[in-house]
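Have a look at the model before reading on.

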Amino acid sequence: MRNKFHADLDALTGDVIEMGNLVCNMLDRSVTAFANGDRVMADWVLEHKDEASRLDSLIEDEALRLLVLHQPMAGDMRRIATILKMITYIERIGRYAKNISNAAIDLMESGEHKPMPQISFMGAVAIEMVRDSLMAFETSNVKLVEDFESRDDELDRMRYDYLRTALAEMKACACNVDTYTSYLMVARYLERCGDNACKIAEKVHYMVTGKRIEIR
Amino acid sequence: MSTNLIDIKGLNLWYGENQALHDVSMSVKPNSITALIGPSGCGKSTLLRSINRMNDIIAGCRVEGEITFHDKNILAPETDVMALRKKIGMIFQKPNPFPMSIKDNVTYGPRLHGVTDRESLDKLVEECINKSALWSEVQDRLGASAMSLSGGQQQRLCIARALSVNPEVILMDEPTSALDPIATNKIEDLAQDLKKDYTVVIVTHNMQQASRISDYTGFMYMGKLIEFDKTENIFENPSEELTERYITGRFG
């Protein structure tokens, strides 16, 4: 019976990785859509948002089923507890990807889209954090998330830089307000994606070591 | 002076040539529940039975090391074993009431120790059966045979019998393994109540039971105490790989 449980737990872990990869792709494409004005990428993200929600519900149901039927302990319990928290963070990152895609589409449709390479730089940092947090989960390797505090600081710093740039542009011409408001919102979404990657990293650290940490 | 009620230090035990316990050291804190878990034959019952020297009755049993109770080594030859077992009572896997009335089961021990006053004995019967959460079920039939009770009731009567001689420690050797889930719940609730006045050490095969009721847990394997810690640490984040493998069912 325990073998069946561990097989089910491995399958559940696989589902979380699948959900994580999907959301990573959504975030990656939403950033490309916004930075380059790529409508195809934006549409792809919107087409897949329901799949992330479906996996969220499916994983939650299966995790609760394993808890109820097997009363797992120690490392098994920590893995399931981590999964239940992680999927919320992953799902939120998926929602940010959807919001970024919507912002990209709004700008493209209003004809006010401008290439925004800075968003690509910020997006790259956020996406790498999300990928590394998921890889840490998949491989139980907490070394991958050891520098998350400094990476998160870097994201915060980038957002403040963009804020200053955006304010300057908006002051220069009211015609820039719509564009740079979107720009600031997307920077905020990416910063929040980094925060959610940090939350995933904290939970993975607990899963692997049994010790709780806080990434500030 | 130790804050522990019982200190086991370097305990080795042999049944003939076969060594059943290897250098076991652990402590039992007063008014706590300590659980011993581990696979069959790991030595947990042997360790439990060492605490009130029940192993003495097994031919060929030899013990080395020290078990202090109130800072006195109970393994010393001069220990009054009867007095020790009065202070450290035991509950077994299978309920074993005496084939006599419910009331006489409880008064048997005190009578043996010289209590004859009827009023005192009646008071003691009510007190002990109350403490063992059985009073409401048997108060109107104290003269009935103990054998007429259900398995769960018999086990609680055995606990009342153990309490009747005013022990400090109650050792329980798989006390619920012969009981249904409802009777098991009652014994588990009872163990929680008992720790206000007594110290409980329980051997159990049921890990959920250990995690539900105990404050400290020891995991034993092949006669060794592999890990001893607060129960939440053992079941959430054990230090030893062997403990982790056992409690997550990856053993063997």
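A residue counts as buried under 20% relative accessible area, exposed over 50%, and partly exposed in between, using a 1.4 Å probe and protein chains only. This is a predicted model, where local features need pLDDT of at least 70, side-chain atom pairs count only at pLDDT 80 or more, and totals for chains, interfaces and linings use all residues. Residues are numbered from 1 along each chain as its sequence is written, chains are lettered from A and ligands numbered from 1 in the order in which they are written, and side-chain values use heavy atoms, with hydrogens and water left out.

**Salt bridges**

Over all chains, the structure has 30 salt bridges, each being a side-chain nitrogen of Lys or Arg within 4 Å of a carboxyl oxygen of Asp or Glu.

| Pair | N to O distance |
|---|---|
| A:R39 and A:E109 | 2.9 Å |
| A:R151 and A:D132 | 2.8 Å |
| A:K199 and A:E202 | 3.3 Å |

Helices here are DSSP runs (H or I, at least four residues), numbered from the N terminus. Take A:R39 with A:E109, a salt bridge at 2.9 Å: A:R39 sits in helix α2 (residues 39-70) and A:E109 in helix α3 (residues 74-110) of chain A, so the pair ties together parts that are 70 residues apart in sequence. A:R39 is partly exposed at 34%, while A:E109 is exposed at 56%.

Then there's A:R151 with A:D132 at 2.8 Å, which links helix α5 (residues 148-172) to helix α4 (residues 117-139) of chain A across 19 residues. Are these two buried or exposed? A:R151 is buried, with 13% relative accessibility, and A:D132 is buried at 16%.

A:K199 and A:E202 stay within helix α6 (residues 177-209) of chain A; they are three residues apart, so about one helical turn separates them. A:K199 is partly exposed at 33%, whereas A:E202 is buried at 8%. Elsewhere, A:K4, A:D8, A:E62 and A:R65 form one network through salt bridges that share partners.

**How α3 meets α4**

The axes of α3(A) and α4(A) lie 12 Å apart, at an angle of about 160 degrees; axes are lines fitted to C-alpha atoms over the stretch in contact, and angles run from 0 to 180 degrees between N-to-C directions. The two helices are therefore roughly antiparallel, a label for angles over 145 degrees. On the α3(A) side, A:R79, A:I83, A:M86, A:I90 and A:I93 meet A:V130, A:L134 and A:F137 of α4(A), contact meaning heavy atoms within 4.5 Å.

How values were computed
Parallel < 35°, antiparallel > 145°, perpendicular 65-115°, else oblique.
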